[in-house]
Amino acid sequence: MSNGYAISNWQDAKDIYARLNNLTSQPIYCISDDELARVLDHFETKCAKSKEITTEAKQYIPGGVQHNLAFNFPFPICVTKADGAYLYDRDGNQYIDFLQAGGPTILGSNYKPVQEKVIKLIKECGPVTGLFHEGELLLAKEINKHMPNVEMFRMLGSGTESVMAAIRVARNATKAKRIIKVGGAYHGWSDQMVYGLKIPGSRSFLESHGIPRSCYGTTDEVRPNDLDMLESMLRINMLKGGTAAVIVEPVGPESGTRPIDFDYNKGVRRLCDKYGALMIFDEVVTGFRVGLGGAQGYFGVVPDLTIFGKIVAGGYPAAGGVGGKKEYVSGMAAGVGTMMKRAYVGGTLAANPLSSYAGYCAIQEIEKTNACEKAGLAGDRLTRGLQELVDRYALPFVVYNQGSIVHLECTGAMSYDFSSFNVLKSVVPMLKAKPEMLRRKVAMEQMGAAYMAHGLVTLAGSRLYTSLADTDEIIDEALNRFEDVFKTVTVCTRNLDK
């Protein structure tokens, strides 16, 4: 029965973790030496113009690209055209696009009905004025229409800024300082949140370079899908002045890369109420992808604050915002209509006419086309097909999805978990396992390159976003291309040390 949500079936988290553990306990499976040679030759001969421009870019741009999603092995692809389910590069190669800009373009890339309205606005108003535009109100009302718990909405320029603002609001409202996040989750790159990224239990040992230790001194990390550990942390924090907020990705860290039980979010809500902490839903990916009601609608959970990003500007730049209960979100205003001291939030180009109106138009089109559910069905079809291929070729790969968010774990590079209250019990095993994790990461990058050489764009070779543009025919063609890669996979014997 149609319900407007992308997720038709919530898969058992324990089963997925068992399969992931099996994957990391086995030798590394990757494309064969012959296939790797063919892939590298493809990039050299078929993507020469991309290599030329991205090589030159390294002279002017750190690493040669401006965004993490563009770091691809053996070198970045320079895209010149995006259209629905397809991307085209500088050399004229066509790709089936399962990156979809990291998730926001659930209507498909460069969706024409939105594009036409945005072009009209730019011609009449321009992208930015510095003053109020009706699009700001239209977007806030449209979000509230579909997510009634988002009583007020403040638009910002990115998900990172929005997380910063939500945490500031939570601290202001509760007068507590500590923030609890789930290990492995990504909540932007502000100093306090570059903690426990990618690998649960990694704390500040993997990514927090250039950040003084004091910046994450009030950030705590708990194991994914573990309510007992969360309650223990909340109880410990009572001795330290309390917890301001618990922030979660509602389908699990890294867009569900570490899945959760269906009732996990309800458990987090219960514990937040019990210990006086605000509950923050990071819906940067799930908002208007899981469904118009967001993950909060799907799970039937009311967060105090909601983080928005990506799709809230319809796939156009400056995408972010904070919404939630009026008593909290109004604390970002200039002290008007609230007894709280304001939580200072800025952003000169935030809520510009282009971003606001594009977001409003995109959400209307998502509703009109039932894009969330249709993209979810495409994700189901892709997942079923990938699982059939994995079984056919007797591979240990793990395939699962949360609707239009599809996970294809081929090496298990990000499947490790070292969560513990004891630093030594987490860091020492992590450091011992680090070489193997890095080898698996190299293998994952090589798998991603093989997909790209076969005309498939993925996120890091392990995550795929489907969209309204993905017809059955496109999904079936994609599966044929995946099969061409899977045919070449074997136990890896080459040196994967960098």
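Let us start with helix H6 (residues 159–174), which lies across S6, S8, strand S9 (278–282), strand S10 (305–309) and strand S11 (320–324), running at about 165 degrees to S10. Helices (H or I, at least four residues) and strands (E, at least two) are DSSP runs, numbered from the N terminus. Angles run from 0 to 180 degrees between N-to-C directions, with axes fitted to C-alpha atoms, for helices over the stretch in contact, and contact means heavy atoms within 4.5 Å. This is a predicted model, where local features need pLDDT of at least 70 and side-chain atom pairs 80 or more, while totals for chains, interfaces and linings use all residues. Residues are numbered from 1 along each chain as its sequence is written, and side-chain values use heavy atoms, without hydrogens and water.

The open sheet itself has seven strands in the order S5-S11-S10-S9-S8-S6-S7, with mixed pairing; two strands pair if DSSP finds at least two bridges between them. Strand S5 (152–155) and strand S7 (219–222) stand at the edges with a single partner strand each, so one side of each has no neighbour in the sheet. From one strand to the next, the twist averages 20 degrees. Within the sheet, S6 (residues 178–182) and S8 (residues 243–248) run parallel and are joined by four bridges, with Arg-178 opposite Thr-243 in S8. Helix H9 (residues 264–275) lies across S6, S8 and S9, at about 150 degrees to S9.

Now for Ser-109, in the loop between strand S4 (94–97) and helix H4 (112–124). Ser-109 counts as buried because its relative accessibility is 8%, and buried means under 20% relative accessible area (1.4 Å probe, protein chains only). Leaving aside residues up to four places away in sequence, Ser-109 touches Ala-82, Asp-83, Gly-84, Asp-97 and Gln-100.

Terms used: Buried means under 20% relative accessible area, exposed over 50%, partly exposed in between (1.4 Å probe, protein chains only).
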